[in-house]
Amino acid sequence: MADYVVSARKYRPDSFDSVIGQGNIARTLKNSIKRGTIAHAYLFCGPRGVGKTSTARIFAKAINCLNPTEDMEPCGECESCISFREGRSFCIHELDAASNNGVDDIKALLEQVQIPPQVGRYGVFIIDEVHMLSQSAFNAFLKTLEEPPAHAIFILATTEKHKVLPTILSRCQTYDFNRISVPDIILNLRGIASAEGVEIDDDSLNVIARKADGAMRDALTIFDQTVAFCGNKVKYEDVIDNLGVIDSRCCFSLVDAFLAKDYGAALRIFDGILAKGFNALHFVGSLSSHLRDLAVCKTSGADSLLDLPDSLKPQYHEQAEKCSLKFIYDALTATTQCEAGYKASVNPRLHIEYCLMKLSFLQGVPDSRSSETVADTAPKQDARTENPAKNTDGRMPDTDRTRQEDQPAAVPKVAAIPKNAAAGLSLSSFLSAPETQLQDISKTADAVDEELPSDDAIRNGWDALVAKQQRPRLANALGNAKLLFEEQDGKKCITFEVTNEAQKEWIEVNLLRTLEEDLQRITGSSRLSLRVKASEMEETDVVYLPEDKAKVLMQENDEVKNLVIDLELEV
């Protein structure tokens, strides 16, 4: 137990070649050492766990190494390298700015800067989390950073570059560290697992690498946690249970349910995920990532954009073939909107379930009626049509004439029927109903269209019209408007009031016709007209300044006025 060292420390890079995912930075630093063009100040910035401090230590060892290799790597055997490894080096100093962020700490550091190194050529000062320094500490550090002694080199490291003063940035060579890619993390973890005698498959390594989010230190920490849970034989099922990661098979099953319009199956899958204790918002994020990967699979030659193990790529390509690009786009729109509105939702579970139902109906709402119900509701044929061999008087009919008389009239196209003609109509009913029933539907639609909607129906339509407005100020103005109704020339005129004349003129020029068409479409009546007028309320002066408020108070209250006079107060 006492000898155990976590992997993040045990396998910390100790040479430029062992730094993962930052080859361009390592090459630049080695070339500067080889050519003797070492700057006096560097700024290493980037996400956590990508090797900023480790690279700073390697660079500090390399420039002080007494016997560097031809590739400018520290030898690890000279006195300077040994003293640094044993923690007794007097030429490489580290300061944690998160806990030493005051002016006194910087003054103590500047006093150390004046002392030349005892071993090696440079005194290197590594300041970690430099953005945590106070404003006065930054100011105290400026002059020395710009003109340090010849033997002093500063290496500043930070995860939040935007918090560092521009005057500091201008005095440093800046190196931006990138997130480490999933393949690089997997390759490094595979080597560490082999060295530690741990059996682990690529699917498990992929889960750990994606969970680390580009940070090698996080990946090593998760690896240690996984080994502690699973032992030396790591299985994929144990990894996802331990890390709380949603199995990719759930996402495949969800998309299959969406394509089959089976929202019940989607809700059951979601309920099973919640029963296992998964975070609901993480579930939506996993579904969005899955849809993103499907969209990438639809694009030829884009496999490099997939951070997936080779065993999963064929399954993604197979499911992507079943999905249209429009379906994936609409599904991503729904999931991103669900994520954005999750925290503001009063009932988060219902919010996600509604999203799943919407995804299940992207390819059309399934008809709830069975084929037997459609057959029962179809009109019965006339007796002459059922048995054309005889008429009611026993004579043989004229076949051609019977066909002409019994042939139904031409049916108008579905597009000619108003969209909101009757609340109970659906596209599936048009497709399944016989031609004679379509004529009855068309007549019903025309009859409904001839009636004027009630005031309550118009108010409900107005509320729906306000809800669909994308601009908050416009929605607020329309939502607060008063509605006045009157009938003229067989039409119902709706007049709504806005606050001032400027709003009225803008709506008349830019929006009135669109609002009228939308209201007609929502209510299902074309016999509506919309007007706008400015409110006739008198504008009152609003008191803002404290002096004005005091004067108004004195005018309205004589006791306050007398108190101000008696005490000789200034207003």
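**Reading the model**

A: Begin with the inventory: the secondary structure of the protein comes to 28 helices and eight strands. Keep in mind that this is a predicted model.

Q: How much of the protein is buried?

A: Of the 571 residues in the protein, 39% are buried. The accessible surface comes to about 33600 Å², and carbon and sulfur atoms hold 50% of that surface.

Q: How do I read a helix, for example H16?

A: An α-helix has 3.6 residues a turn, so residues three or four places apart point the same way. Now take H16, which covers residues 325-341. From its first C-alpha to its last, this helix of 17 residues reaches 25 Å, close to the 24 Å expected.

Q: Which residues of H16 are buried?

A: They are Phe327, Ile328, Ala331, Ala334, Thr335 and Cys338. These residues cover an arc of only 130° around the axis, so they lie on the same side of H16. The face turned away from that buried side carries exposed residues: Leu325, Lys326, Tyr329 and Ala340.

Q: What covers the buried residues of H16?

A: The cover includes three helices: H12 (248-259), H14 (280-297) and H17 (348-360).

Q: How do I read a sheet?

A: Strands of a sheet pair through backbone hydrogen bonds, either parallel or antiparallel. Here, three strands form an open sheet in the order S6-S7-S8, with mixed pairing. Strands S6 (483-488) and S8 (528-534) stand at the edges with a single partner strand each, so one side of each has no neighbour in the sheet. From one strand to the next, the twist averages 25°.

Q: How many bridges join S7 to S8?

A: Seven bridges join S7 (residues 491-498) to S8, and the two strands run parallel. In one of these pairings, Val498 has Ala534 in S8 as its bridge partner.

Q: Which helix packs on this sheet?

A: Helix H25 (residues 501-510) does, touching S7 and S8. The direction of H25 makes about 150° with that of S8.

Q: Across the protein, what share of contacts join residues at least 24 apart?

A: Among contacts between residues at least 6 apart in sequence, the share is 71%.

Technical notes:
Residues are numbered from 1 along each chain as its sequence is written. This is a predicted model: local features need pLDDT of at least 70, side-chain atom pairs count only at pLDDT 80 or more; totals for chains, interfaces and linings use all residues. Side-chain values use heavy atoms; hydrogens and water are left out. Helices (H or I, at least four residues) and strands (E, at least two) are DSSP runs, numbered from the N terminus. The expected span of a helix is 1.5 Å times one less than its number of residues. Buried means under 20% relative accessible area, exposed over 50%, partly exposed in between (1.4 Å probe, protein chains only). The arc is that of the directions from the helix axis to the C-beta atoms. Contact means heavy atoms within 4.5 Å. Two strands pair if DSSP finds at least two bridges between them. Axes are lines fitted to C-alpha atoms, for helices over the stretch in contact, and angles run from 0 to 180 degrees between N-to-C directions. Accessible areas come from the Shrake-Rupley method with a 1.4 Å probe; for residues, only the protein chains shown count as cover.
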